[in-house]
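Hi,

Here is the structure I promised to pass on. Have a look at it first, and then read my notes below.

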Amino acid sequence: MGCPPSPSLDGPHDVALMARIAVRDQQAFRQLAERYVERIIAVAQRILGNAAEADEVAQETLFRVWQHADRWDPARAELAVWIYRITCNLSIDRTRRRIFRPLDPADDIADTAPLAIDTLVAREAQTQLAAALAALPARQRAAITLFYHEELSGEATAAALGVSVPGVWSLLLRGRRALARALGTDRTMRQP
Amino acid sequence: MTITEFLRLIETFGADRMRWPADQRGAAMALLAVSAEARAALERAAALDARLHAGMLDVPSFRQARVVDAALARIDSATGQRPANDWYRPWIAAFIPPAPASLVLLALIGCLLGLRVPLPTPPPSEPLVADLTVLLTGDTDEPL
């Protein structure tokens, strides 16, 4: 399996930007941050299940990229993987420190306008999925997020989570089984 | 590939064949061609994939910008660099030299002033000595 998809489509290459960030170039940092921030927020929010906390983690992730830019070695890890690793570590640490588990499956957007039936059904499906994901251990949630949503390879997912590739397969297997049970997809289309 | 192995494969990687390990893909496809149970399991896996992908997050651009700005503000705060809106600081910096240069400049001005302004010369010491002699001995050259 290949490298993770990188959001770096336009402008200077990630390696060039990181070299400039390492010598404290804020313009380069802004470019890189704008390139990755959407993915960082999405990963953090799926692991944390909370938009406000995801924003805090994303901000901390970007700050650490700035702080430790000189430590990143392009020969050892793709930049996306390195950034995902920081994001996952911060998010998982935060779930461990929680006293309660917040859930905002509707993504904290309150819309009081009348909704079409399709929208209601979609929102209900989102709520179910968020609840099912929230019930998983954080590492399974992170593995599912990186492998299915971010479409990282098994190797890249393993590197981002700091586990072996078979370890990732095990996290995915257990996570998917739990999700299928929670969402009822293990029963759909089952042969009589 | 047995049906148990196939079930484990799709429970791990999902229904998208391109995400299956290359070394298992051929055997899995062969089993799918002959097994109704495998095809039904694949449909269940596809249903879960669809649910997962329906939950893709859309992060609004204002939220992204807010996070980037907050990170930059934190960097400014941590490094003590000027905030972006302090437009006047470069002007001040252009007219006021930095501290080491100021010290050198002051020392230079001091040296120049020292060379150009003569120090006040002390009065001749002889009258003072003469006064002391008179005071101690009462001897004066003046006629009595």
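How much area do chain B and chain A bury between them? The answer is about 4,100 Å², with 58% of it on carbon and sulfur atoms. Buried area here is the accessible area (1.4 Å probe) that two parts lose on being put together, summed over both.

Before you go on, a word on the ground rules. This is a predicted model, where local features need pLDDT of at least 70 and side-chain atom pairs count only at pLDDT 80 or more, while totals for chains, interfaces and linings use all residues. Residues are numbered from 1 along each chain as its sequence is written, chains are lettered from A and ligands numbered from 1 in the order in which they are written, and side-chain values use heavy atoms, leaving out hydrogens and water.

Back to the two chains. Chain A puts 48 residues into the contact and chain B puts in 40; contact means heavy atoms within 4.5 Å. On the chain B side, Arg19(B), Arg51(B) and Leu57(B) supply 17% of the area that chain B buries against chain A, more than any other three residues.

Next, the salt bridges. Side chains of opposite charge can pair when their charged atoms come close. The rule used here asks for a side-chain nitrogen of Lys or Arg within 4 Å of a carboxyl oxygen of Asp or Glu.

One salt bridge has Asp55(A) meeting Arg66(B) at 2.9 Å, N to O. Another brings together Arg177(A) and Glu11(B) at 3.0 Å, N to O. Arg177(A) lies in helix α8 (residues 165–183) of chain A and Glu11(B) in helix α1 (residues 3–13) of chain B, so this pair joins two chains. Helices, by the way, are DSSP runs (H or I, at least four residues), numbered from the N terminus. There is also a network of salt bridges that links Arg30(A), Glu34(A) and Asp69(B).

Some pairs stay inside chain A. Arg35(A) and Asp14(A) meet at 2.7 Å, N to O.

Arg35(A) and Asp14(A) are both buried, and so are Glu150(A) and Arg39(A). Arg177(A) counts as partly exposed because its relative accessibility is 34%, and Glu11(B) is partly exposed at 27%.

Last, take a look at how α2(A) meets α6(A). The axes of helix α2 (residues 26–48) and helix α6 (residues 138–149) of chain A come within 9 Å and cross at roughly 145°. Axes are lines fitted to C-alpha atoms, for helices over the stretch in contact, and angles run from 0 to 180 degrees between N-to-C directions. Among the residues in the contact are Val43(A) and Ile47(A) of α2(A) and Ala142(A) and Leu146(A) of α6(A).

Cheers

Technical notes
Buried means under 20% relative accessible area, exposed over 50%, partly exposed in between (1.4 Å probe, protein chains only).
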